[in-house]
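Here is a short briefing for a reader new to this structure. It covers the aromatic pairs, then the ligand and its surroundings.

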Amino acid sequence: MRHLLDTQTLARDEAIRILDVAEDMAATQGREVKKLPTLRGRTVVNLFFEDSTRTRISFEAAAKRLSADVINFAAKGSSVSKGESLQDTAQTLQAMGADAVVIRHGASGAPHTLATSGWITAGVVNAGDGTHEHPTQALLDAFTMRRRVHGGASRGRDLEGVRVAIVGDILHSRVARSNVWLLTTLGAHVTLVAPPTLLPQDLSAWPVTVRYDLDEAIAEGPDAVMLLRIQLERMNAAYFPSEREYSRRWGLDPVRLAQLPADTIVMHPGPMNRGMEISAAAADSPRSTVLEQVTNGVSVRMAVLYLLLAGERTTEERDAPQ
Ligand code: NCD
């Protein structure tokens, strides 16, 4: 694998390979010493032009557990805020010897530009670009579902027939987009649930079922319900009457939670707005996988960095003293 830019073009076999390697990584994470020597001498740059806590530290933990050197580059307070272009920043990183660049950017397509520009030779991982995609989030979500649905022993398997309801601000969500493509590739059925104002206008190319009523979606007894944050920072107009009205109609409150089948899991990529799209009762319930998703995120990102950086090395390179 040269780059990981999206899940829309990720083949089923590639996706399953990443999930399987993530299982191997997860198996090492239960040990007392979590660090593997695999990427010693390699440099991973976290290039974050947008705020992020969990995704950035997750990539940092993943790179460090593989013994890579990590450089964190937050665009705020850097020369980017003085007007330096993506090209100049990228070329600076190249000159410093970056082997992989993990990029989060407010503009959809920025990781693609970086990967195809010729400015750098490093592998590029998309850590969220605008409202476009967030592939490692979808992979960690699929990893979490696969483990739950198949009860742990899930190597080599897909998500055939698994029914997933994705609820909330689909319009602004790169998590929703990446999940729609990946889950469908893996054989799952996706239902999107949102007010019409929070859905893209043209969904004809999306392989999904659409519902406007959360209670109808819950009555179908999905295997997983994924709540999405209302992304107020990407909204420049009123998309719903009030927060109260939103949570009353599209929030997973305690009453709706109780109506879900006993083994339905409740997922959220974080950060959560408790009381808005998800009640505290749902977020903290035993069926919530929120923290499991965070843990799995490190294993999945270790797998992605490993496949990006270790795969291309020859045996000689790998065995040579560092
Ligand atoms: C998501 C993101 O940044 O796209 N969060 C994340 O990566 N953990 C979703 C969100 O911000 O709501």
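**Aromatic pairs and ligand site**

Across the whole structure, a search finds 3 aromatic pairs. Rings of Phe, Tyr and Trp (its six-membered ring) pair if their centres lie within 6.5 Å; planes under 30 degrees apart count as stacked, over 60 as edge-to-face and the rest as tilted. This is a predicted model: local features need pLDDT of at least 70, side-chain atom pairs count only at pLDDT 80 or more, and totals for chains, interfaces and linings use all residues. Residues are numbered from 1 along each chain as its sequence is written, and side-chain values use heavy atoms, with hydrogens and water left out.

**A tilted pair**
- The ring centres of Trp181 and Trp206 are 6.4 Å apart and the planes are at 50°, so the pair is tilted.
- The pair links distant parts of the chain, 25 residues apart.
- Trp181 is in helix α6, while Trp206 is in the loop between β6 (189–193) and β7 (209–211).

**Ligand contacts**
- Residues surrounding the ligand include Arg54, Thr55, Gln137, Val175 and Gly270.
- The shell residues divide into 3 nonpolar, 5 polar and 4 charged (Ala, Val, Leu, Ile, Met, Phe, Trp, Tyr, Cys and Pro count as nonpolar, Asp, Glu, Lys and Arg as charged, and the others, Gly among them, as polar).
- A side-chain N or O atom of Arg104 is 3.1 Å from a ligand oxygen atom.
- For His134, a polar side-chain atom lies 2.7 Å from an oxygen atom of the ligand.
- Arg174 has a side-chain N or O atom 2.7 Å from a ligand oxygen atom.
- α2 (54–65) and α6 (174–185) are the elements that give two or more residues to the shell around the ligand.

Conventions: A residue is near a molecule or strand if one of its heavy atoms lies within 4 Å of it. A polar contact is a pair of N or O atoms within 3.5 Å; within protein, one must be able to donate a hydrogen and the other to accept it, and residues adjacent in sequence count only if both atoms are side-chain atoms. Helices (H or I, at least four residues) and strands (E, at least two) are DSSP runs, numbered from the N terminus.
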